[in-house]
Amino acid sequence: MSLLYRNMLFITLLLLIFTGSGNTQTTWSVILPTDATQEEAIKVVLGDLQNIGKQFGLQFKTVDAGKTISNHSIIVGDPVRNKYTARLVKNGNIQLKGVDDPQGYEIITRDIDIDGGREIIVAGGSLIGDVYGLYWIWDRLRVYKEIPEINVKREPALKIRYTRIQVKSKEDIRRAFRWDLNLVYGENPLALIPWDSQPEKTENQKNRVKAKELAEYAHSLNMKFLSFGTDFTYHPSLLKKFAATLSPSDPFFWDAVQAKYRMLLQAMPELDGVAVFTGEEQSYWGNYKTFDPMHDGKGCDWSLEKRYRTFVKKVYNVVVGEFGKIYHHRTWITNSYEQQSQPEVYKKIFTGAVPMKNLYLIPSFTQNDRWWYQRYNPTFNVTPHNMLAVLEPMNYYESAKSDLFPTFPGRYFQAGLQSILEKPNSNLKGASFDLGSADDYNTRSLTAYTVFRLEWDYTENPFDIARDFCSIHFGRAAARGMAEIYLLSPVAYKYGLFIEPVAYGDFNSLPQIRVGTFPAQGYPSIDNGKEHIQFLRKIYLRCKPWIPETMSYLDHGLEVANTMKEKYRHVKPRIADKKLATEIENRLEMTRLFIKTNNLYVKTAFAYFEYRDDPAKPSRRKLAKLHDALQQTRNDFIETPGYGYHLFGVDQLLKNVEQALDDLPKAEQLLKDAPSSAEIEKIVAEQQKAYGRILKKEAKEAVKVLHWEGRVDGRDIIKIRGKHLEIEHLRWDPMYFKDYKILKALPEKAVTVIPKNIESRPMHPFILEQPSRENNYTVKVYLYDVPGGAGWCKFDLYYIPQTPDELGLGIPWQENN
């Protein structure tokens, strides 16, 4: 071989490497129906195909049917709408079965004799069916990393597919569109209605401009656009206009309710309807107010059934009766004895007197909330009223910062859909899921992908869904092994976290864990864990008759978590992205240690009560051994990369166990002497009465430190030192809508800090700890929203130069410390 030839060969190889000639770009011609080229839906799906195609060396180019096309082509449209498709059918090149549903589509792949080229025919029942067919190609491309041979006929089992998460931009709407959703929720009615008040009237005029733009964009994608809000929320000017009182027995109240929706739809004719939720989680802000028409109202003796039915009918008469729009009504509530969970209550509300046209009732998929050990919601198919289901992520134990391995809901969701849809004349017409990112592999995105697939075919093999999801995110080589691990995840969590004997009968199936937290009950910094120990004691006594069986379930869950990690050892080398591979390994270890921590938490709690009931040496040795194991596992859990859990309940139990092991009689006396929650709240109430009196008396000396506004759901502690503020979240959902301003630094000396309540539900903000040398002059403000759901908490914080003792505001529990 000559030197010249070798040099030329070397240069050619370099060109192949550096110009990508080894992975040449393949062009796919896309032949559209003549009337489809300017449709926004077509533009969006072709844009998405183009974007994903770039990753795999594919280009999609629209061409006219009469012009030269590449040897790879996608023909879009049935024979009626695309002449090219009609010619293929006429010549006998393809046979189409046809689809009955306008949303459905048929895809046929045929080989052609031009260099091994292919034609893919996408024949939808309408243009939107064409688009959904193109998105199926988009999904297959993500799964296979190339366009495989596709021969399918698909029609959606559920005709209405939506997300309950409010869309705020065109990109949000496009995200929904990629998942074949055909309905979205938009801005809250409160922010759209032209209220007779300022600044709301001017603000809402601007809001309507944006909402109109989003509604019109949704319509261009063949999607419905509804305004979603909670009820009954209102501006005070509405009640004033009708001289209405907040009572269902006041006819003027119902005039105000109807006027709210009449004003909305008159101002926003672009809306396709409204979605309403009357549960405890109310969304309002600023000058807006809320009222619970289902339970409150001075002097009103109406039953729940009458209140609920009246509300639905009044809203219906405006939304559907006057405007011919769609009315979605969410029936969920945070208890186990009303319309969400009890079919008899539901049936008494939704009688034949409640119209059905354009009305869609929306319960949760589970009877109460998104826990395992829950039956499917029993209100489906009870009355002929149309229903939509909310399919939420089944990971109530996980927060955004938990970094746990995702929870796969496929088998559970599939069985539920089968049980509901297989009944003759089923009233389930659609479902929603929370939008996830197409690039994420977390529980939310996994749930979205799973529901997206089941909404079209609820009989599809869940393993195939999991495998496709894993192929998208981890590559084809790792897809099968990762899918096996994903299918084990609900087993590990259900059996490893839930305490079986206490998982039934109450609203909450997982009382010892909530959203990234092992909560500590009561006021542990005050009552030495008294209420928390009482809480654990109740769990222990419910399990006592079958403790070995209870432990076998927990051990099974832990063993499954161990199996998941062991399986991953063989899968990890198949994931090309090494950083991602390590991240998954950490999340599996996090999950294993999370489940092990729960396992030992329960075992240690039970051993603690066994020791207290029978303080013999064997029970003490057992407790000491479990204590050490729990302490070690807790420490390992915390040290795992990405850790983001809260272990308040675990740490409190460890503290009480240590006291018992050190001196049991003394430990029991400490618990006996500790104040109960009722006693603590009585002390707090007395202090709160004194706050206003002292603040008024010392007004000239008082220095305003903080203005605070936030929505609280449960318990939080605000800590302030100097100008630094931090929040310690204790129970229920994290605080949201936070808005605060620190006006002055808290001095580094002993002063008295006093909250001035502006708006809050019981209990009002109170001082847990005053600044002192022992706590580095940090004040701790305790926020506790006692009733169900979240509530606004607004207050100002002042300090007075005198010490608490000088002002008669000494805190008993702080003095005892």
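1. The model is a predicted one, in which local features need pLDDT of at least 70 and side-chain atom pairs count only at pLDDT 80 or more, while totals for chains, interfaces and linings use all residues. Residues are numbered from 1 along each chain as its sequence is written, and side-chain values use heavy atoms, with hydrogens and water left out.

2. A reader may begin with strand β7, residues 160-163, which has strand partners in β16 and in β8. With β16 (residues 428-432) the pairing is parallel and runs over three bridges, and within it Y162 has S432 as its bridge partner. With β8 (residues 183-186) there are two bridges, again in the parallel sense, and here the bridge partner of Y162 is L183. Between β7 and β8 the chain passes through helix α5 (residues 170-178) in a right-handed β-α-β crossover, a term meaning that, with the strands pointing away from the viewer, the path from the first strand over the helix to the second runs clockwise.

3. Which residues of β7 point the same way as each other? I160 and Y162 point to one side and R161 and T163 to the other, and all are buried, where buried means under 20% relative accessible area, exposed over 50% and partly exposed in between, for a 1.4 Å probe and protein chains only. In a regular strand the side chains alternate between the two faces of the sheet.

4. An open sheet of six strands has the order β2-β1-β3-β5-β4-β6 and mixed pairing. Its edges are β2 (58-63) and β6 (152-154), each with a single partner strand, so one side of each is left without a neighbour in the sheet. The twist from one strand to the next averages 20 degrees, angles being taken from 0 to 180 degrees between N-to-C directions of axes fitted to C-alpha atoms, for helices over the stretch in contact. Strand β1 (residues 26-31) runs parallel to β2 and is joined to it by six bridges, with K61 of β2 as the bridge partner of S29. Helix α2 (residues 40-54) packs on this sheet, touching β1 and β2, and its direction makes about 150 degrees with that of β2; contact here means heavy atoms within 4.5 Å.

5. The open sheet of four strands, in the order β19-β18-β23-β22, has antiparallel pairing. Its edge strands, β19 (724-731) and β22 (766-769), each pair on one side only. Seven bridges join β18 (residues 715-721) to β19 in the antiparallel sense, and D716 stands opposite H729 in β19.

6. Where the interior is concerned, a nonpolar core is a set of buried Ala, Val, Leu, Ile, Met, Phe, Trp, Tyr and Cys residues joined through side-chain atoms within 4.5 Å. The largest such core holds 199 residues, of which Y327, Y397 and M482 touch the most other members, and helix α18 (residues 578-613) gives the most to it, with 17 residues. Leaving aside residues up to four places away in sequence, M482 touches F405, C470, F474, Y568, V571, I575 and I584. A second, separate core of 44 residues includes Y523, W708, F766 and Y784.

7. Helices α16 (residues 530-543) and α20 (residues 648-662) pack at an angle of about 95 degrees, with their axes 10 Å apart. That makes α16 roughly perpendicular to α20, on a scale where angles under 35 degrees count as roughly parallel, over 145 as roughly antiparallel, 65 to 115 as roughly perpendicular and the rest as oblique. The contact is made by H532, I533 and L536 of α16 together with G649, Q652, L653 and N656 of α20.

8. Some backbone details deserve a careful look. Which peptide bonds are cis? One joins Q198 and P199, with omega about 10 degrees, and P199 lies in the loop between β8 and α6 (200-220). Another runs from P762 to M763, with omega near -5 degrees, and M763 is found in the loop between β21 (752-759) and β22. K145, although not a glycine, has a positive phi of about 65 degrees; K145 is in the loop between α4 (127-144) and β6 and, at 25% relative accessibility, counts as partly exposed.

Technical notes
Pairing = 2+ DSSP bridges.
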